[in-house]
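Please read it beside the model.

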Amino acid sequence: MLTSGRLRVRWNLLFIVALLGAIFPAVVSAESRPNFLLIIADDSTWSDYGFTGNQQVHTPHLDGLRTESMYLSQMYSPATTCSPSRNALYSGLYCIRSGAFPNHTRLYDGTKSLFTHLKEQGYRVGLQNKSHVGPRKSYPYEQVGSGADDVAGTREFIARNVKEPWFLAFASNDPHGPWTRGPKQRYQPAELAVPPYLHDNPTTREQLAAYYAEITKLDNQVGVLLELLEETGQVDDTLVMFVSEQGSSFPYGGKWSLYDTGIRVATLVRWPGRVAPNSSSDALVQYVDVAPTFLEAAGVDPLAITVGCPDADGHDGFDGRSFLGILTGQTNLHRDVVFSQQTTVGIHGFKQPYPMRAARDARYKLIRNLAPENTYFIGGIHKGEPISSWREDAKSDPELARRVEWLSHRPGVELYDLETDPLEQHNLADRPELAEVQGRLQRQLDEWMRQQGDRGLETELLAPTRQGKGGDGAQ
């Protein structure tokens, strides 16, 4: 390990280089192409890290990485379950266009991924631990190691040939439920501050402590990966990105919802000499933007790439676009609006179709529940704990009863002012003073759905045809 003094000197020098690089951007040569280490958490809410403000969660390695990175505070997933969000991250395509829109899903045959594109450019490409994507022909990666804790396997892959650039997606299983791993002794349920969007009772606290322990286990994995880069002398040659994935599986917000607790992604990017350490950007970016960004960083024009899956207009390029200019400090503007969808059909325990679509700009979010007459019910949040204890408490708590009912029945239109209501508690749909905002977001959502070939409920009912054959793994 480098001493703290030597680290400060190195990062100060690299900060100067990053500033010069932003002023005098250079073309990436074949010899200077970076390695890529993409670290993916599994079902963690963006705000549940020390570096995002939750100081009761022990994440020293990620907190340290934050000081060496740019923090992208407005990254969003286009989906709210693991398989569609990962397919979008790797393919640069929104989920319905690519065919990967329900959970346990796969891309349409012939669609290419970032693994394909980088391999064609001479990169060695690998994935360690959780896959949950398919089909295999779209993902020509080498399986690295025998699990997330196989350090020897990781080392062998990244150090195999120092002259050959590599891309490794390290996909942890933490903190995906059931929460059984990590240093549980660190977290005492009675001492925790429960996030305001959750109901505070002993059951919630016990589960929150177990969930936080798995985040700390994830943080330990991040520490091992960063140490491997140090030991193999590849820190300065590697672009590291960490993403927190969609939210946790607690009820109300989080996973399976289009609220920010479900689709917002805490994102760090470290690239010594190109990305200024301890910097941040609030530009709106999405998972689909990552693949073209990595390609541009590798010296490849993402606009020249064909993905093998045309949209409704016949366009065969990415849905995403590179945000390399944001990383290098040349701009802080990217998207005016981001989009997300939730497909309920095919989720374990679902009872009725309950498709959701959302458009979000820098301040407002519009959510459309396309079958509000149905009951939203899935095994993950409507069955077992902690929802059973919430229902029991709701018998004597009218406000909690309202919140529990909201989990199953929502109006067709939801509109939120995220500046004044970041937890999306107050639905402002159909307010006359916000008619222009609601109409604009609806038009943008309609156009996105058209371009994606999204026919709403009709598309939702096709979910079983898009599952299996590669969408492996847990939810």
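A cavity is a set of points, on a 1 Å grid over the protein atoms alone, where a 1.4 Å probe fits but cannot get out; lining residues have an atom within 4 Å of a point. Grid points are joined across faces, edges and corners, and a volume is the space filled by probe spheres set on the points. By this rule there are two cavities of 30 Å³ or more.

The model is predicted: local features need pLDDT of at least 70, side-chain atom pairs count only at pLDDT 80 or more, and totals for chains, interfaces and linings use all residues. Residues are numbered from 1 along each chain as its sequence is written, and side-chain values use heavy atoms, with hydrogens and water left out.

**Cavities**

- The largest cavity holds about 60 Å³ of space. Its lining includes Tyr-197, Tyr-252, Asp-260 and Glu-424.
- Five nonpolar, three polar and two charged residues make up the lining of the largest cavity. Here Ala, Val, Leu, Ile, Met, Phe, Trp, Tyr, Cys and Pro count as nonpolar, Asp, Glu, Lys and Arg as charged, and the others, Gly among them, as polar.
- The second largest cavity holds about 30 Å³. Leu-37, Thr-154, Ile-158, Trp-166, Leu-168, Leu-225, Leu-228 and Leu-229 line the second largest cavity.
- The largest share, three residues, comes from α7. Helices (H or I, at least four residues) and strands (E, at least two) are DSSP runs, numbered from the N terminus.

**Nonpolar cores**

- A nonpolar core is a set of buried Ala, Val, Leu, Ile, Met, Phe, Trp, Tyr and Cys residues joined through side-chain atoms within 4.5 Å. Buried means under 20% relative accessible area, exposed over 50%, partly exposed in between (1.4 Å probe, protein chains only).
- The largest core has 66 residues, and Leu-37 and Phe-242 have the most contacts inside it. α7 gives the most to this core, with 13 residues.
- A second, separate core of 47 residues includes Val-243, Trp-271, Phe-323 and Leu-327.
- Beyond four places in sequence, Phe-242 is in contact (heavy atoms within 4.5 Å) with residues including Ile-39, Tyr-49, Leu-62, Leu-65 and Leu-268.

- Leu-62, Leu-65 and Arg-66 are the buried residues of α2 (60–67). They cover an arc of only 105° around the axis, so they lie on the same side of α2. The arc is that of the directions from the helix axis to the C-beta atoms.
- Their cover includes β2 (70–76), α7, β6 (238–243), β7 (264–270) and β8 (279–281).
- Val-240 sits in strand β6 and is buried, with a relative accessible area of 1%.
- The C-alpha atoms of Val-240 and Val-269 are separated by 5.6 Å, although 29 residues apart along the chain.

**Backbone geometry**

- Most residues other than glycine have a negative phi, and most peptide bonds are trans.
- Asp-174 and Pro-175 are joined by a cis peptide bond, with omega about 5°. Another cis bond joins Gly-177 and Pro-178, with omega about 0°.
- Pro-175 lies in the loop between β5 and α7, and Pro-178 lies in the loop between β5 and α7.
- Asp-43 has a positive phi, near 65°. Asp-43 is buried at 2% relative accessible area, in the loop between β1 (35–40) and α2.
- Asn-129, in strand β3 (124–129), has a positive phi of about 80°.

Methods: On a 1 Å grid over the protein atoms alone, a cavity is a set of points where a 1.4 Å probe fits but cannot get out, and a pocket is an open set with protein on both sides within 12 Å along at least five of seven lines; lining residues have an atom within 4 Å of a point.
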